[in-house]
Amino acid sequence: MTIRRRRLLGTAAALPLAPAAIGGLAAPAIAQRAPIRIGMITTLSGPGAALGNDIRDGFALVVKNAGGRLGGYPVEVVVADDGLRPENGRAIAERMVRRERIQVLTGIVFSNVMLAVAPVVLGPATYISANAGPSQLAGEGCNPNYFNVAWQNDNLHEAVGQYVTQQGVKRAFILAPNYPAGRDALTGFKRFYKGEVVSETYTRLDQLDYAAELAAIRAANPEAVYIFLPGGLGINFIKQYAAAGLRGRIPLYGPGFSFDQDVLPAVGDDALGCFNSSQWALDLPFPANRQFVDTFEAEYKRLPSLYASQGYDAALLIGSALAATRGEVSDRAAFNAALKRAAFQSVRGSFRFGNNNHPIQTIYMREVVKDAQGRMVNRTIGTAFENHQDAYAAQCRLPA
Amino acid sequence: MTALLFVEQTLNGLQLGVMLFMIAAGLTLIFGIMDVINLAHGSLYMAGAFVGATVTARTGSFALGVLAGAAAGALIALLLELAVIRRLYARDHLDQVLATYALILTFNEAVKVLWGPAPIFLAAPPLLSGTVEVLPGIPYPAYRLAVIAVGLAAALFLGWLIGRTRLGMLIRAGTTNRETVQALGVDIGLLFALVFALGGALAGLAGVMAGPVLAVQVGMGEQILILAFVVIVVGGLGSVRGAMAGSLLVGLADTWARALLPVLLRGLLPPAAADQVAANLGSVAVYLLMAVVLSVRPQGLFPRHA
């Protein structure tokens, strides 16, 4: 009996570990010369699958629109699923870099996977991050072979801290899961927030029910609530926030991750009127963005998310570098120098790299509304930062 | 913390508890009677939520969605029993764990193929989407009250079924001594299939009921299954009464720890340290409860008489 129970609990504890699944997807390549192979390690199974799915689709869209080419040169995108497990990501990276000799990689969604993969790929290959932006790779640990085309992890949180301060919020209730990225998020928020933090609450990473925290929020009656709750956690919280009658009474803020197209259709009206930050928005008026949104919707029959925009920009960036190096990627220094120029039309308007190969860019504030067709979308309502650079760039010794 | 806030948090704990009960009851019956560890029980919960959400979206009726979710749970459980679980009764627990873990992966991929990787939408019916003033100054979500009502109704129904009917008598007998029941000429295959379907229906029901509160997404079953395992170990394996007691204890311990600890600790420590310690203690409250219960009653609160 005792042994049986122990085994039962052991198996229950092993549950959240999702399996590895490896798939290959080859972009069509019609070419005289061998196509340039680009490795995409991303999360395509488990609860984070929608994010990796959008990065992959955004990237593939650029390749498809250009007839299987980037920067005029035929490419082959090799896709593999890390299942949100760092050890899987690392094994795939080793296979791609050491066995298949792939020299350009991208696609990782989660920072823990990124940190496991970085030591394997940086050097033999150049990595262009389309999402994960851990501080470890932005400050002292920055690397000439690592570029981030999305953001440094703190940026969107900093933006909301800045924006609510501009809005004159004096009392904020802030909440995140109790794990490194959760604590970093609230640190980022507080870096630019000047008012009082009435409570800094950390919840379990596997928490489903937020009733206890919602009651505490009602009792504290703050002027703003800031949450960083990725994926399903955010959906749970936003639904419960509305059901508790708090929506419309206390403004709810978050980073764009909790309020984008991967989440909004599942939350519905409960998200209306929530505010969030992002480096990109559906309604940004730039021609490159209009083309991106229109072709994405035509191709995939859904609206793109910020993750899709990041995958799309990563492909454009790689294309710009390939065009500059005439399709040559084995001269690492020349390819990296071409990437650093960022000579591409980003969907988010102005974009350039700082000395640490992370973006210097505008961060927008958005509000969740319904569009003319009744779909849940974000409307841009202002900017929190212009030409914003991350807090770690000064510790990086790479030249500008 | 005021008395009113305490009442509200107790309601929250109760609601989490009955939700857990609907999943744990099936899990504990299947384990108690068939001696099968079914890790795929959470997949039935997920299936209930997805089918319920789809039917609600198509028909516009949440009630139909609830029925469809429970029916889907029962039907899939029945098919599962016939196709896979039936072959596992004679195997040891490790084989069962491996096979049902494979089922989790299969179900998750199947849902991804059918519904896509993004979470889907399910809202409470308009009638239940507001708040109710349960006590002066405490607006409480009407839907959560409905969850409590449905959960308690399910518990009463199970209590009646197991305590007062012939089927229940056979189930109780099966939990205590399977071989004797079989020797007395009871069609044990049919009994097992019925219990499996019953567990599946409850899990499916829990899935739809959870939909408006939680994200309906791939992998939702595994998150709640871990708590359900804690519940049945605390309550005593195979006991429905134990599952009820365990669910309520786990629900209340989890909610109270999260609600009360920050307030208590803020009186003792500086705010930042208090928040940090409260977060860490709150995370392990459920497991502390389990450790304490097991050290006092190693067979759980209501052990079956093996």
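Two strands pair if DSSP finds at least two bridges between them. This criterion applies to the sheets described below, all taken from a predicted model. In chain A, strand β12 (residues 352–353) and β13(A) are joined by two bridges and run antiparallel. Within this pair, A:Arg352 stands opposite A:Ile360 in β13(A). The two strands, β12(A) and β13(A), form a hairpin with five residues between them. In its turn, A:Asn357 has a positive phi of about 65°.

Strand β14 (residues 376–388) of chain A pairs with β13(A) in the antiparallel sense, over nine bridges. Here A:Tyr364 faces A:Thr383 of β14(A) as its opposite residue. This hairpin, too, has five residues between the strands. A:Gly374 takes a positive phi there, near 80°. Strand β11 (residues 275–278) of chain A also pairs with β13(A), antiparallel and over four bridges. A:Asn276 has A:Arg366 in β13(A) as its bridge partner.

Another part of chain A holds an open sheet of six strands. Their order is β2-β3-β1-β4-β5-β6, and the pairing is mixed. The edges are β2 (69–70) and β6 (146–148) of chain A. Each has a single partner strand, so one side of each is left without a neighbour in the sheet. A:Arg69 has A:Pro74 in β3(A) as its bridge partner.

A parallel pair is found in chain A as well. Strand β9 (residues 224–227) of chain A and β10(A) pair in the parallel sense over two bridges. A:Tyr226 stands opposite A:Tyr253 in β10(A). Strand β10 covers residues 252–255 of chain A. From this strand, A:Leu252 and A:Gly254 point one way, while A:Tyr253 and A:Pro255 point the other way. All four named residues are buried.

Chain A as a whole has 12 helices and 14 strands. Its radius of gyration is 21 Å, close to the 21 Å that the globule rule gives for 400 residues, so chain A is as compact as a globular protein of that length. The C-alpha trace of chain A spans about 65 × 65 × 45 Å along its principal axes. Buried residues make up 60% of the 400 residues in chain A. Contacts in chain A between residues at least 6 apart in sequence were also examined: 72% of them join residues at least 24 apart.

Chain B has 11 helices and two strands. Along the sequence, its elements follow the pattern α-α-α-α-β-β-α-α-α-α-α-α-α. The radius of gyration of chain B is 20 Å, close to the 19 Å from the globule rule for 306 residues, so chain B is as compact as a globular protein of that length. Its C-alpha trace spans about 65 × 50 × 35 Å along the principal axes. Of the 306 residues of chain B, 55% count as buried. Among contacts in chain B between residues at least 6 apart in sequence, 77% join residues at least 24 apart.

An unreviewed UniProt entry places the feature "transmembrane region" at several spans of chain B, including residues 184–211 and 223–240. The end C-alpha atoms of residues 184–211 of chain B lie 43 Å apart, and this span is 82% helix and 0% strand. For residues 223–240 of chain B, the end C-alpha atoms lie 21 Å apart, with 78% helix and 0% strand.

Helix α8 of chain B covers residues 188–210. At 1.5 Å a residue, its 23 residues should span 33 Å; the end C-alpha atoms are 33 Å apart, which agrees. A residue is buried if 20 or more other C-beta atoms lie within 10 Å of its own. By this cut-off, 18 of the 23 residues of α8(B) are buried, so this helix is largely enclosed by the rest of the structure.

The two chains meet at an interface. There, 49 residues of chain B are in contact with 45 residues of chain A. On the chain B side, the elements that give two or more residues are α1 (3–34), α4 (93–115), β2 (138–141), α9 (220–235), α10 (240–266) and α11 (271–296) of chain B. The largest share, seven residues, comes from α9(B). By class, the side of chain B that touches chain A has 32 nonpolar, 12 polar and five charged residues.

Note on methods. Residues are numbered from 1 along each chain as its sequence is written. Chains are lettered from A and ligands numbered from 1 in the order in which they are written. This is a predicted model: local features need pLDDT of at least 70, side-chain atom pairs count only at pLDDT 80 or more; totals for chains, interfaces and linings use all residues. The expected span of a helix is 1.5 Å times one less than its number of residues. A residue is buried if 20 or more other C-beta atoms lie within 10 Å of its own, exposed if 12 or fewer, and partly exposed in between; C-beta atoms are placed from the backbone. Two residues are in contact if their C-beta atoms, placed from the backbone, lie within 7 Å. Ala, Val, Leu, Ile, Met, Phe, Trp, Tyr, Cys and Pro count as nonpolar, Asp, Glu, Lys and Arg as charged, and the others, Gly among them, as polar. UniProt positions are given in the numbering used here, feature names are shortened, and annotations may be inferred rather than shown by experiment. The radius of gyration is taken over C-alpha atoms; the globule rule is 2.2 Å times the number of residues to the power 0.38.
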